[in-house]
Amino acid sequence: MSETLERGRMRVAGFADAEMEYQLIRQLGAARYGGAAIGECLMLAQRIESGVPASWVDAFAAAAARQQADAERRAAGGHAVSAHDAWLVASNSWRAAEYYSAISDPRHRQYGLASRACFLAAMKHGPWRCEEVSLDCDGRALPAYYLCAAGADAPGRTLMIVSGYDGTLEETYLGYGRAALERGYRLLLFTGPGQMDTLRFHDGLCFIPEFERIGTPAVEHLLTRAQTDPARIALMGISFGGYFATRIAVHEPRIRALIPNSPIVDLHAYMASFVGFDPAQMPDADDFRAADLDHIPDHVMPPQAREMSRNLILRIGGTSFKDTYRRLRAFRVEAAQLATLRCAALALVGSGEGREPLAQYERFVASVPGASGHLFGTDEGADGHCQAGNLAHSAAVSMDWLDDVLA
């Protein structure tokens, strides 16, 4: 009996677990700007057990090591373009492995630093000028990147971007920064306490509500650069960065345009919506510490939920799960503060993000004078968190608006 002809052995099959499925879409979406190959991601997914972080980490770490070695071979052979492309993919694969690694695991820092090293190697072979920058926050040097076109020496439009809970500087370049560079913007990617990049260099540096403590030094750094037009500085925040950016803009009048994606004004309520109740009010008998998690059986708390809870406790700086959510109550921007914003503002949200993000989007648009909003839908595949499924469409909406505002 003859074999039926098939065009290939790859199949589009993701994960039953919704969170891991989103992470796969996040990785696939990065293909638009050079951070992944769709076929490679789908083949990796076949080797990963749904909802089991350890299998994800192992698969992506192995892929990243292979991709990095490939980039190095191509660079040694004088193939700069191929090496650049391979290093970007390797950087993003290391980031994917870093994402699901517990921050208490030494591999978390190892994979994060590998992601950074691959990114910087790619930039040496790419079309942009990229400079490693350190910004001072409470006496600590926090990492940042400044990027611009090779001939961008005169004052021009500058976009600052801060990511969120688990995004990195390198991923922010792929998802949002490269689109700005292609449109002629100068770009500052920066990070604050508690974020993934800072954990690579500073153990135990937890998130703080007052992100203006890094936002203002970032603005002041830009004002020392001849490429910066002080009248055309914009700020974008991704995921948790929607809160960080809004908080910065409230305290920083030199920001002329603000794009929160999505506009989180109450991080406590936002995070409580993920678990379906407010852990800040849970009975003490149900509370747990990070050290307790290893003793909770899988049937009580699945491995993925266990690792996400551990990372949240350690990164917010709580003594327990309950205390962590109590600390999150300080991460909010009041309606009266939003009413003081005088910069142009565009709020972005996906229709599939859930009730609480949509409610906070509506609150932001109603509270900020003159604010505009854009609701991404399902037809363009951009209804998910931060438009991970269609980054080019997200860029078209945000960057076209910003072009008009900063014209």
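Let's start with helix 1 and helix 4: in this predicted model, helix 1, residues 18-29, packs against helix 4, residues 80-100, at an angle of about 160°, and their axes are 11 Å apart. Anything over 145 degrees counts as roughly antiparallel, so that is the label for helix 1 and helix 4. The crossing of the two is right-handed.

Who makes the contact? From helix 1 we have Glu 19, Met 20, Gln 23, Arg 26 and Gln 27. Helix 4 brings Asn 92, Ser 93, Arg 95, Ala 96, Tyr 99 and Tyr 100. If you sort the residues of this contact by class, you get four nonpolar, four polar and three charged.

Eight strands form an open sheet with mixed pairing, and their order is 1-2-4-3-5-6-7-8. Which strands stand at the edges? Those are strand 1, residues 128-137, and strand 8, residues 372-376. Each of the two has a single partner strand, so one of its sides has no neighbour in the sheet. On average, neighbouring strands here are turned by 20° against each other, ignoring direction.

Let me zoom in on one pair. Strand 3, residues 156-162, and strand 4, residues 186-190, run parallel and share five bridges.

Helix 6, residues 169-182, packs on it and touches strands 1, 2, 3, 4, 5 and 6. The direction of helix 6 makes about 30° with that of strand 2. Helix 5, residues 106-124, lies across strand 1 and strand 2, and runs at about 140° to strand 1.

Next stop, helix 12, residues 321-328. Is this helix mostly covered or mostly open? Mostly covered: six of its eight residues are buried.

Asp 294 sits in the loop between helix 10 and helix 11. With a relative accessible area of 54%, Asp 294 is exposed. Asp 294 and Arg 306 are 12 residues apart in sequence, and their C-alpha atoms are 8.1 Å apart in space.

Methods. Residues are numbered from 1 along each chain as its sequence is written. This is a predicted model: local features need pLDDT of at least 70, side-chain atom pairs count only at pLDDT 80 or more; totals for chains, interfaces and linings use all residues. Side-chain values use heavy atoms; hydrogens and water are left out. Buried means under 20% relative accessible area, exposed over 50%, partly exposed in between (1.4 Å probe, protein chains only). Helices (H or I, at least four residues) and strands (E, at least two) are DSSP runs, numbered from the N terminus. Axes are lines fitted to C-alpha atoms, for helices over the stretch in contact, and angles run from 0 to 180 degrees between N-to-C directions. Angles under 35 degrees count as roughly parallel, over 145 as roughly antiparallel, 65 to 115 as roughly perpendicular and the rest as oblique. A crossing is left-handed if the near helix is turned anticlockwise from the far one by less than a right angle, and right-handed if clockwise. Contact means heavy atoms within 4.5 Å. Ala, Val, Leu, Ile, Met, Phe, Trp, Tyr, Cys and Pro count as nonpolar, Asp, Glu, Lys and Arg as charged, and the others, Gly among them, as polar. Two strands pair if DSSP finds at least two bridges between them.
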